[in-house]
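My notes follow the display.

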Amino acid sequence: MTKHEAGPAPERDRTQQETGGSGAAARQDDGAQVGTGKEKAGVPEAAIPELVIISGMSGAGRSTAAKCLEDLGWFVVDNLPPALIPTMVELGARSQGNVARIAVVVDVRGRRFFDNLRESLAGLDGRGVTRRTVFLESSDEALVRRFESVRRPHPLQGDGRIVDGIAAERELLRELRGDADLVIDTSSLNVHELRAKMDAQFAGDKEPELRATVMSFGFKYGLPVDADLVVDMRFLPNPHWVPELRPYTGLNEEVASYVFNQPGAKEFLDRYAEMLRLIAAGYRREGKRYVTIAVGCTGGKHRSVAMSEKLAARLVAEGVETVVVHRDMGRE
């Protein structure tokens with residue numbers, strides 16, 4: 001994951017203006033050679049990709065469960081025909097350990113392909129693949145409410161009613177539900193509660209990670225549409241009106257020193273960083289994995305850039321994976 005990184009101010013200044021953002025390249029960890037039962041002797045069995053099958057009733061939360069696993073680092077494939085699951089596992093085995101955990105969403109949208117699921121899974125057992133099946137269940141009443149709220153038909157209702165489609169799907173999934181390793185009834189669960197249950201099963205002792213984007217911007221170019229939090233640095237004097245600082249950006253050491261020597265700048269940084277610590281803890285509890293913090297000034301060149309860099313450094317020190325983006329730097 002891309003993280004905020006420090007570097008010499010002048011060199012970073014030039015790089016930022018060319019790229020429009022900062023951050024190190026994503027890490028790539030080299031893993032041991034893995035396989036699917038056809039590998040050569042000496043390959044450790046523990047290196048074989050782990051597999052989770054996500055299935056269950058339409059409208060019961062399969063997409064939410066899949067997104068939760070994706071946020072936990074799983075490679076997720078939605079609506080894969082069951083006959084292709086062994087192929088997916090084999091591709092993961094060839095990834096040199098980069099795809100060590102695979103989650104596949106399988107449901108009745110596959111229609112005739114769905115009948116091959118039991119046969120495909122039985123074939124994987126002979127290859128030593130560790131697999132679990134998660135089945136999402138919900139009451140008829142809850143499912144009817146959900147389908148009516150989004151005004152979409154059940155995939156199996158045809159010319160009938162929603163309840164007819166639900167009944168047909170239950171019958172098709174009866175055996176799979178009986179074979180499932182984990183059944184989660186989502187009738188009374190909201191999205192956050194379902195994510196918490198998935199975290200409890202698959203995150204282990206590791207606390208779910210929060211990933212942050214700290215984005216500087218200029219108010220005169222408009223607010224970032226994807227901002228979760230917005231802070232305004234226009235309460236600080238503008239380096240634009242200092243002739244010797246005007247050509248530079250907030251990545252320049254002299255500009256940053258000017259900004260943080262102003263009354264209230266350091267106090268704001270300390271107090272806002274403390275508030276972000278509280279917000280981050282709450283986001284983790286609620287299952288929110290990504291947050292975008294937009295830091296603005298007039299042109300997005302001086303004050304917002306300097307403050308974004310400092311805030312990002314504070315977040316990294318708190319263990320939050322952080323990337324810095326300077327949206328409007330260089331537009332003037």
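**Entry 1: a charge pair and its exposure**

I started with Arg 161, which counts as exposed at 57% relative accessibility. The cut-offs I used are under 20% relative accessible area for buried, over 50% for exposed and partly exposed in between, with a 1.4 Å probe and protein chains only. The model is predicted, so I noted that local features need pLDDT of at least 70 and side-chain atom pairs pLDDT 80 or more, while totals for chains, interfaces and linings use all residues. Residues are numbered from 1 along each chain as its sequence is written, and side-chain values use heavy atoms, with hydrogens and water left out.

I then looked for the partner of Arg 161 and found a salt bridge to Asp 164, at 4.0 Å from N to O. For this term I required a side-chain nitrogen of Lys or Arg within 4 Å of a carboxyl oxygen of Asp or Glu. Asp 164 is partly exposed, at 36% relative accessible area.

**Entry 2: the other salt bridges**

I searched the whole structure and got 15 salt bridges. One of them joins Asp 270 and Arg 314, whose closest N and O atoms are 2.8 Å apart. Asp 270 belongs to helix H9 and Arg 314 to helix H10 (residues 303-317), so this pair ties together parts 44 residues apart in sequence. I logged both ends as partly exposed: Asp 270 has a relative accessible area of 42%, and Arg 314 has 33% relative accessibility.

I also noted Arg 277 with Glu 318, where the closest N and O atoms of the salt bridge are 2.7 Å apart. Arg 277 is in helix H9 and Glu 318 is in the loop between H10 and strand S10 (321-326), so this pair links parts that are 41 residues apart in sequence. Arg 277 is partly exposed, at 36% relative accessible area, and Glu 318 is partly exposed too, at 42% relative accessibility. Separately, I traced one network in which Glu 137, Asp 140, Arg 170 and Arg 177 are joined by salt bridges that share partners.

**Entry 3: aromatic rings**

I paired rings of Phe, Tyr and Trp (its six-membered ring) when their centres lie within 6.5 Å, with planes under 30 degrees apart called stacked, over 60 edge-to-face and the rest tilted. By this rule I count 4 aromatic pairs. One of them is Phe 268 with Tyr 272: the centres are 5.4 Å apart and the planes are at 10°, so the pair is stacked. Both residues are in helix H9 (residues 265-285), and being 4 residues apart there, Phe 268 and Tyr 272 are separated by about one helical turn. Tyr 272 is buried, at 8% relative accessible area. I recorded Phe 235, Phe 268 and Tyr 272 as one aromatic cluster.

I next checked for charges over rings, taking NZ of Lys or CZ of Arg within 6 Å of the ring centre and within 35 degrees of the ring normal. The charged end of Arg 234 sits over the ring of Phe 219, 3.7 Å from the centre. Lys 310 places its charged end over the ring of Phe 260, 5.7 Å from the centre.

**Entry 4: helices H3 and H4**

I assigned helices (H or I, at least four residues) and strands (E, at least two) as DSSP runs, numbered from the N terminus. The protein comes to 10 helices and 10 strands. I picked helix H3 (residues 85-93) and helix H4 (residues 117-125), which pack at about 35° with their axes 9 Å apart. Axes are lines fitted to C-alpha atoms, for helices over the stretch in contact, and angles run from 0 to 180 degrees between N-to-C directions.

On the H3 side I listed Ile 85, Pro 86 and Val 89, which meet Leu 117, Ser 120 and Leu 124 in H4; contact means heavy atoms within 4.5 Å.

**Entry 5: positive phi**

Most residues other than glycine have a negative phi. I found that Asn 79 has a positive phi, near 55°. Asn 79 lies in the loop between strand S3 (75-78) and H3, and is partly exposed at 30% relative accessible area. Arg 151 also has a positive phi, near 55°. Its place is the loop between helix H5 (140-150) and helix H6 (162-179), and Arg 151 counts as exposed at 77% relative accessibility.

**Entry 6: totals**

Of the 332 residues of the protein, I count 46% as buried. Among contacts with a separation of 6 or more, residues 24 or more positions apart account for 79%.
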